[in-house]
Every structure is written in structure tokens, then in C-alpha cells.
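Me: I'd like to go through this model with you and ask, term by term, what each label rests on. Shall we take a look together?

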Amino acid sequence: MIGVAPPRYDPAASESATTLPVGSARTVRAYVGELFRRHRRAFLLLVSVNAVAVVASMVGPHLLGNLVEDLAAGARDIHVERTVALFAVALAVQTVFVRQVRLRGAMLGEWMLADLREDFLVRSVRLPPGVLERAGTGDLLSRITTDVDRLSNAVREAVPQLSVGIVWAGLLLGALTVTAPPLALAVVIALPVLLVGCRWYYRRAPGAYRSEAAGYAAVAAALTETVDAGRTVEAHRLGARRVALSERRIGEWTAWERYTLWLRTVLFPVVNATHVLILGSVLTLGGVFVMRGWLSVGELTTGALLAQMLVEPIGLILRWYDELQVAQVSLARLVGVREIEPGSGDDTVVPEGREVRADAVRFGYREGDDVLHEVSLAVPPGARVALVGPSGAGKSTLGRLLAGIYAPRTGEVTLGGAELARMPAERVREHVALVNQEHHVFVGTLRDNLLLANPDAGDDDLWAALAAVDADGWARALADGLDSEVGSGGMAVTPAQAQQIALARLVLADPHTLVLDEATSLLDPRAARHLERSLARVLEGRTVVAIAHRLHTAHDADVIAVVEDGRISEWGGHDELVAAGGAYAALWRSWHG
Amino acid sequence: MQIRDLPHPDPGDPDVRSGFRLLLWLWRSQLGGQLKALAWGTLQMAAIASFPLAVGVAVEAAAEGSGEGLVSAGGLMLVLGLAVTVGDTMLHRAAITNWITAAARMQQLLARRAAALGAALTRRVAAGEVVAVSTGDIEKIGWFVESVSRFGAALLTTVGVCVALVVYEPVLGAVVVAGVVLLIAAVLPLLPPATRRADAQRAEAGRATELASDTVAGLRVLRGIGGEELFLARYRGASQRVRRAAVRTARMWSLIDAVQVLLPGLLLISVVWMGTRLALDGRIAVGELVTVYGAVTFLLFPLRLFQEFAMAYSFSRPSAKRAARVLALRRETGAGPAAGARGGRVPHGDLYDPASGLTAPAGCLTAVVCGDPDAAGRLAERLGGHGGDPSEGTPSVLLGGVALDEVPLEVARTAVLVQDKDPVLLSGTLRELFDVPSSGRVAPRRALEAAQCGDVLDALARSGADTGGDPMRARITERGRSLSGGQRQRLALARSLVTDPEVLVLDEPTSAVDSHTEARVADALRLVRTDRTTVVFSSSPLLLDRADRVAFVRGGTVIAVGTHRDLLSRVPEYRAVVTREADADVPRAGIPDTSDTPDTPGVPDTAGTAAAPGAPGARRRERLEETA
């Protein structure tokens, strides 16, 4: 077998839907520069301790060289003890500093890694809500898990090890040049072989390793899904298909393993040949030089030992350079979040009053493809408005515009006369909250889960909020009360309890206007009815725009807006609309029987 | 076994009695590869070990001014260099092949086990363990199994070098051998704490990743209501704990590194000291001193392999234990020894559950209203057979008089498809989603139309650039997270319709779908399921109104049967559940439970209709209204 072509299928290509930007080379460079500046001192410290360790490690070969020199010259009065003592001191220094190199390297790497992941999350939590709504959280999630994971090795090990390797190799070459200048020439002979081989390898390796890692992740992902969907797999008799899928993934992954193995099958002999060439040329050329009298035997010994020591730093550099290249793509993905404009907003825009209005609003997710056409409506303070209509008619989109998450393309959405689109997200949410089916319960204590809505709330406030949504009963029954761990890994919270937590957050955040996007629809009917009582209490005294999938929600509203095809086609009270005999009336009759 | 032949045609039957036995089994299953790696490894290390010999010859030749000696040193160097190059490359190839084949074998075994366990896995806590084995443990297991051969090669060469040294120069050799033993003994006790710290660090890292992904997953909530700073602070804390744990681990490793510099250094110094004395006495040549010095430096290399082997073992031991436990999982059959006793013929006829008294007449659309959603879920699951907890001892569901628990699982699942409350959309293209074992009667297009998936298709067609406008080529992400709850439900329903089983049980199939769409789904469902048995758990009047008959379940038993309108007028409690009138506490006394007792056990009242599968639904409905 001569050569292996890269597999046709590349698992890295389709591994995640990129909905957020990937950092340009410039952003990445700027960020890396900033990272180094932040840790300049740690970096310099690492380089210095490393230099001391390397210099100390060269004392041995040097002393041995002198000994050999003296022995070869037939000297009888050699101070072996003095040499041994010097050797021992050098060894002690080397021991201490080698330990420091490893430790300082790890500390630097860990600091940089912590900075990287924290910086990413800082940027992520500042993303404008509109960007999140559109992009979803899947891409962010894969960045904070997969990409951070892939970067860890590179930052944790590659950065310190590479700097160690470069300093090490440089010092060795320098020492070689100082002790035996002609021998440095011998090293240069081997250089072209190494350069040509590495060039070939590094052109192919980073992409291949990336695909290999993605391929392996895909193997695990297929299995995870089979496990996760156990019920579905069994009900639909998909077992054989899942096994076949896993084996196909294994085939795809191992194809990349085979390719990268081939790449190393080329690289390894090149590296080995380089070492042999260095050592061989040092010895043979050096031998000739000694016989010509250009070089002493001691210098040759020292030179040969130093040349042999070059194996380690060269190996180090080759090993970690790889990793750094693979990490580049992940770094670009992490840094990419920086290219999104953080939510802007004018802090001076302050609403006066609570009336929500939409005036001739047009909006679309794509250019030239409007979802809403000239929608206007006014919701007086304290009113209940229900939006009903078929899927895809634009109800949810309209709700998001009224909650200030999206800005209209034309027209304006105002709250108390102030344009929502011009306010910062932090200001908007003091007044308006969107309540949707997403009742995320965060990993952590019940207290943390509530405090997020109002960090200044005391325990009494938290209990009051829980009581307001009928949740104090089960919450008080918890062994650790507010300190009970909930979310995945902690106490299992039922969907209804999750929703009560979400509602309690609303009580604490206390916005005067709520946009409900079918908040209870994913729940089963009995839980939903119980929750509706909780919800009713939360809604008291607030302006409510409810996107209703279920008609009973509409029935209770002051005004019902039937949304069809991006327009409001009917508008009025329940009785009024039933009497009018339109689309709403037909549906109501079929629903209510 | 070559990598290109993977996946294994048959991964074999592993020895799962213990973690160690599993490792042994894996090792034995690649004995050829192990021997190959051992041979190449020995060649490589022997060649490296011989290098100091060449250096010694060269130094000696230079010292004596012998050109001939220099040439032979160069020749020796060339031969050894070649051997090292070939040995190194081939060892790497053999070792990686062993690693990959072992890992692939384990992944295949795991996939088979997961598929065989199916729903049983979801019920157990073991689900997380299976994933942990796949994502973390297999790598370590493969590493250890592979490192056995390299360890063997290192052991062989170390012993060889030590013996040679002792023979070549007894005194120096003895010192070196003693030093090597001391070196191994000094480093080994440091390894367990180092691996423990590494494990602690990994655990911290796992927690931080969990916090980060949890924060990102709930980011919309945070941005909508606040608390970003709270969660950032929390994450920073976790991230810094990871950093500190990592530095703690590094402290241990740096100590090991230091010991590995110090002890061999001391050994070297003693060798130089003694060697110089010997050379001064003229008992050894200068070149020999250099050779011994070089041999000692070489010994550090196999020593590292010893250390790696010890580390691989301590890392892989818990992994192998867990893998063995997971691979040993077997399905607990709920039906006892009789399970699978009946033949493989797919039964058909009326579906009857003796425990609740529920009957779903063949060819009809039966709706079930159940006050308690959890009870509804359990009842739905039981209707498929092979589901219950074996300790309960509830009698099996009968399909056409055949106990489903007693037919093979595959047959039961073929006969009855239970779509639970939270059906999972498996990732892949839409076409792959609909590639399920099916009757072939219902085309995906028809099912999608029936489930009112038009808007989903539009959204999917627009979502990706590579679909070419064909929604069937659009990709569904894991669990369909890119879709809304209602869209997911409708796709799942369409998938079940494509399967087109004899009996289809749907648990709340449209709970997240808006009323407009739900009404259309209900109409289409009737049409697609004509002449097939369908059971829908729901409390939506839009669905109930379109069912042939409705069974009202309370406290685990059917207490009323009739049409929706009929029950609405007759049973106040039913009315309360389905219309969600504010007060659910309807007086129980109002329920006429004599006239509406469930169908007599064993003799379903619609047994006669089952014999006439072609009978139109409308006629059957009249019949039911009569009986009610």
C-alpha cells in the first residue's frame, strides 16, 4: 500500500449547524495577542525557568566531555570528585527547575484556558435576545462544549510545551555552536529533510485530525441518541437500524484514523532520519575534524551528547505544533461570538405609561419575505389580549415584536410612547417579559433559580413568590428548602413544578406587561389547570398579550385578535366574534361542542 | 485485523464477568496484532539501546585517530538508524491499529447492547453509564489493551540491556541494575495519587462544562428576565475550581518529572564517577565509558513506558469495570417465563386491557380521557405489552385474544405501536426520519399532509443551503431542537402514521398544537387510519369529537364509554375534564356507573365487528351509540 487518500466523507463538515459567525483571522490574532499580554509575566517566568533548566542539563555532557578529553590525553591527576560535585550541583538545579517548568507551564496554560472559556461565556450572555431567538442555542452549546474541549489540550499543554521546546532547542543549538562550532554545520545538513517532510505533513494533518475527532464524536453521538431515544427506538423497531448507523459511523471514523496513521507513517521516518542524520553527521564529520585536529575529543563528546539531546525538543515541537493547528478552528469559533454587535440601546429612552402599541408593523426573517404585513394594534394598560390563528400565521412573531425581542422592519412598536427597539434589553425586561414553553430550570439551588429574576430579593420575598404561584407546598417539603439542588443532576422537577418556578421568577421580576406564548401548552391537562390558577394570580393587574393555542385561553380574554397570514383578520370580544360568525366562531363551535 | 476492515463483521461475545476479564478478552481477541506490536517494539527499542555502542565506537575511534573505526561507527549508526526508523514507524502502526480495533469492537458491542435494551434502558439509571462508557471509558480501555505489547517490548529490552551491562562490565552493570530497580520503585507510588488528582480534575471540568452548557441552554431565559451576572459568577467559580484542580494535578506530575530527572541523574553521576576510576585504572576504555553513559540515558526511555503502562492500568480499571457492567445489562422481561412462548405470527383483532377494562375495537378510532396524565402514560405503555414492571403482576393486554406479553417482543412491537408523550425525533435528514419499518401503505408525503406538516416542511426547506429546496433532504438536529414543540409533535405523528401498525396508540399527540391545526389533524388521522385500530389519549374536544368512541378512565379503570357528545351530556365529571370548566370538583354521585360499566372482561362487546374489517366506521359508530 502506497499512500492513503483522505476519506471522501468528512464528519467535521456537517457536525454543527453554524448559526453564529466564526472569527476572522484578524479577530483571532487580536484575541491571542490580548491573551498573551494578560499573561506576559507568567510567560516570561516560564521561559526563564526553562532556560535555567536547559542550561543545567547541559552541564553533564560538558563535564563528561572534559573527562573524556583528559582521559584520552592520558592525564593521571583528574579531580573526579570535583567534577562529580559540579555534576551534582547542576543536577540539583536541573531537578528544581524542571519541576518549575512543568508547574509554571501548567499554571500559564490553565490561566489562559480559564480566561478563554470565561470570556466566551461573558460574551454569550451579552448577546442580544433577538440574535438568540434566531440562532437558537444549539451552536453556542456546541462551542462551549466541543470547542472548549478541543482547545483545552492545545492551551493547557501545547502553548507551554511549544515555548519550552523552542527555548530548549535554541539553547542546545547555541551551546553546540559555542562548544564546537564546526559541529553546528552537521546539524544544518539534516534540516532540509525535516522541513520538507513537515511541510507535507502539516498541510494535511490539522484538517485530518479535526475530521478524525469529529468522526469519533459522531460515534458517541449516535450511541447517545440510541440510548436517549430508547423508547422510540423500541416502539418503532429501529434497533437494527441504529446498530447499522453506529457501524457506519465507526467506519467513517476509522477511515480517518487510517488516513492520519498514513500521515504519521510518512512523518515518523522523516523525524527519525533527521535524528540519525544529525547524530551521524556530528560523529563522522566530528571524527574527521578531530583527526584533522580542528576539534578535540572532549568537544566531540560534548557535541554528540548535545546533538542527541536535540531529539527531545524537536519531538516536543512536532508533537504540539499539531495540536495548536487543530485548535485554531475551535478558537476561531469561540472568538467568533465577539464579532456580533452587543445589544445597543439608548438609556435615555424611558417609557411613560404602559400602553403597548404596534403601528403599521412589517417584519420578516429574510429579505423580501415578510411574515407580518402592516399590523397595528393597541393594548391599553391592564387589558388581556389573545392572539389566535393557525400555525405559521405570525402569532409568535408578533408576540416577540411586542416583547421587544425583534425590531420591526418598518413601523414601530412602542411602550408608553417609547420605542422598544431603541431601549437596551436590560431596560425592556423591566417592563415586558416573554413567557414561553421554555421553562429552563438551571442546575443549582432553588434559590439561584429564583434569584436570577431579582438578585436583591431576600428569602421572604422568594417564599412569597413561591406562595403566589402555589409552589410553596412542595418547596417547603424539600429537605434543604431553598438550598435544594434542582435541575439535571439535582432533584427531578416535574414539568409543572418547572413552570411554577418560571412563574415565581415573573412574580419576582415584576414586569407590568407579559407576552405569553402558550406557556402551558406542553403540559398535560390536569397540571395545566392547576397552573392556570397560579398563572391567573401572576397575571393579576398586568397587561397580558397571550398567544393561544387553546381556545379557553381566548375565551377569557378582553379582546381576541385572529391572526391569519401575517394580518389581523378579526378583532373583538369573544361574544362579539362568535356572533360575527367568522373563522373564530367556527372553531369555537367545533371546540366547545 | 486492519483498520480498513473495520467495523468488525462480528464484534463477538465479550466476557463481562469482571472488568479485568473484559480487558483480557479484548487482549486475546487481537493476539496477532499484539504479537506484531511486540516484535516491532522490541526491534525499535533494541536498536535505540544499541546507539550508545555506536557513539562509543566513534569516540574511541576519534580518540585513537582511527579512520577505519570511524567508518565502521558510521556504518553501524546507519544500520541502527534504519532499524529505529522502521521499528518506530511499524510499532506505531501496529499499536494504533490495536487501539482502534479494540475501541471499535467496544463501540460496536455497546451499540448492540443499547439497541437490544431499548426502552428498558430509559427506565433504568444505566442510560448515563452507557453514554459515559462510549464517550470516555472506551478510549482508556483501548489505550491499556494496546499498551500491553509496548510494555512487553520495553521489559524485554530493559532486561536485555541490564544483562548486557552486567556481562560487559559487572561492577558498573550491577550499579545500573540496582539503580533501575530503585527508579521504578520510586516513581510507582507517585502514580496513584497523580491519577486520583487527574480524575478529580476531570470531575471538576465535567461540572464546569455542565454549568456552562446549562447556562447557555437557558440563555434565553436569562436574557429575558435577568440574572446573567449571577450565573457568570457561578461559572467563574466553577472554572477557577477546574483551574486549581488542574494545577494541583500538575504539581504531582511536576514532582514525578523532577524525580525522573533527579534519580537517573544520580545514577549517571555514580556511573561517571565509577567509570572514570575504572578508566583511570585502565580497566575500561574511554569509549566504553561513553557507551555505559549512553546506555543509562537510554534506560530512561523504557522506564517511561513502564510508567505509562502503570498509568494506563490505573486509569482503565474503573473504566473496564463500568464497561463490563453495562455490557452485562439484560432486559428484564415483564412477562415472566412465558414471554415469547407464543409463535411469531402478528395477532390482530380487538385490543383489550383486562386491568382497566379498556377495549379498542378493531378498525375504530378510540379516544381515552384520563384524569391523571401519569396514569394515562402508564396505561398507554401497557397497551403495547412487554412494558410493565414485573413485580406488579398485572395481566397482559390481549390483542385479538392473544396476550401480547407472551409473543416475542419484536412481534408485539410490530402489532402495536405506542407513541409516548415525548417521542424523540432522531437526528438525520427528513428522509431518514421516515425510514422506519412500515407496512408501506402510507407514503411519507401522505403522512406529512395528514399531520399538517406543511409549515414544518417550508421551514426546513428554507433552513439549509444544501437541501436544494427539497425538505426531505433537510436535516433534523438532535431531538429536533431546532423545531418548536408543536412542529416536533406533528413530525412524530407523521412518522407513526408512516409505520402504519395494526394498532396505533397515541398519548397526547397534539398537546402542543394549536386548535386550528389540531382540528385538521384529527380529521386527517381518521382518514389515514381507516380500517386500522387507533387509540388516542387526549382531552381535547376537537380530537374527542372525531373519535368513534370515547372511554373515560378514572382511578385506573374505565368508568364510562360512549361518544364525546354523549358523555358530555351524561357524565358531569367528564365534562369537567374536557371543557376545563373552572370547578373540577363535580359531585361524584352524578356519574351513572351502572349503565356505563366497561365492556365485560373477556367478551368485548365489539367482537362481532372485528370479524368484518371492511365495515365502515359510521355504521360502527351508530352501533356504539346504541350500546351506550
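Me: How many bridges join strand β1 of chain B to β2(B)?

Reply: Happy to start there: three bridges join β1 (residues 351-353) of chain B to β2(B), and the two run antiparallel. Two strands pair if DSSP finds at least two bridges between them, so the three found here make β1(B) and β2(B) a pair. One of the bridges links B:L351 to its partner B:A360. Before we go on, please keep in mind that this is a predicted model, where local features need pLDDT of at least 70, side-chain atom pairs count only at pLDDT 80 or more, and totals for chains, interfaces and linings use all residues. Residues are numbered from 1 along each chain as its sequence is written, with chains lettered from A and ligands numbered from 1 in the order in which they are written.

Me: What makes β2 and β5 of chain B edge strands?

Reply: The open sheet has four strands in the order β2-β1-β4-β5 (chain B), paired antiparallel. β2 (358-360) and β5 (402-403) each have a single partner strand, so one side of each lacks a neighbour in the sheet. The names come from DSSP runs, numbered from the N terminus: helices are H or I of at least four residues, strands are E of at least two. Counted that way, chain B has 22 helices and 12 strands.

Me: Why are the buried residues of α6(B) said to line one face of the helix?

Reply: A residue is buried if 20 or more other C-beta atoms lie within 10 Å of its own, exposed if 12 or fewer, and partly exposed in between, with C-beta atoms placed from the backbone. In α6(B), the residues B:L172, B:V175, B:V176, B:V180, B:L183 and B:V187 are buried. Seen down the helix axis, the buried residues of α6(B) fall within an arc of 140° (taken from the directions from the axis to the C-beta atoms), so they line one face. On the other side, B:P170, B:V181 and B:A185 are exposed.

Me: What makes α9(A) largely enclosed?

Reply: 13 of the 13 residues of α9(A) are buried, so the helix is largely enclosed by the rest of the structure.

Me: Why is A:L334 called buried?

Reply: A:L334 has 25 other C-beta atoms within 10 Å, and the cut-off is 20 or more, so the label holds. A:L334 lies in helix α10 (residues 311-336) of chain A. Leaving aside neighbours within four places in sequence, A:L334 is in contact (C-beta atoms, placed from the backbone, within 7 Å) with A:L116, A:F120, A:R143, A:D147 and A:L151.

Me: And what makes B:L109 buried?

Reply: B:L109 has 23 other C-beta atoms within 10 Å, so it counts as buried. B:L109 is found in helix α3 (residues 67-117) of chain B. Not counting residues up to four places away in sequence, B:L109 touches B:P11, B:P14 and B:L327. B:L109 and B:D10 are 99 residues apart in sequence, and their C-alpha atoms are 9.2 Å apart.

Me: Why is A:D565 called partly exposed, and why does B:D531 count as exposed?

Reply: A:D565 has 13 other C-beta atoms within 10 Å, which falls between the two cut-offs, so it is partly exposed. B:D531 has 12 such neighbours and so counts as exposed. A:D565 has a positive phi of about 55° although it is not a glycine, and it lies in the loop between β11 (559-564) and β12 (567-572) of chain A. For B:D531, also not a glycine, phi is positive at about 65°. B:D531 sits in the loop between α17 (515-528) and β10 (533-537) of chain B.

Me: Which helix gives the largest share of the side of chain B that touches chain A?

Reply: The contact takes 139 residues from chain B and 125 residues from chain A. Helix α9 (residues 228-280) of chain B gives the largest share of chain B's side, with 30 residues.

Key:
Two residues are in contact if their C-beta atoms, placed from the backbone, lie within 7 Å.
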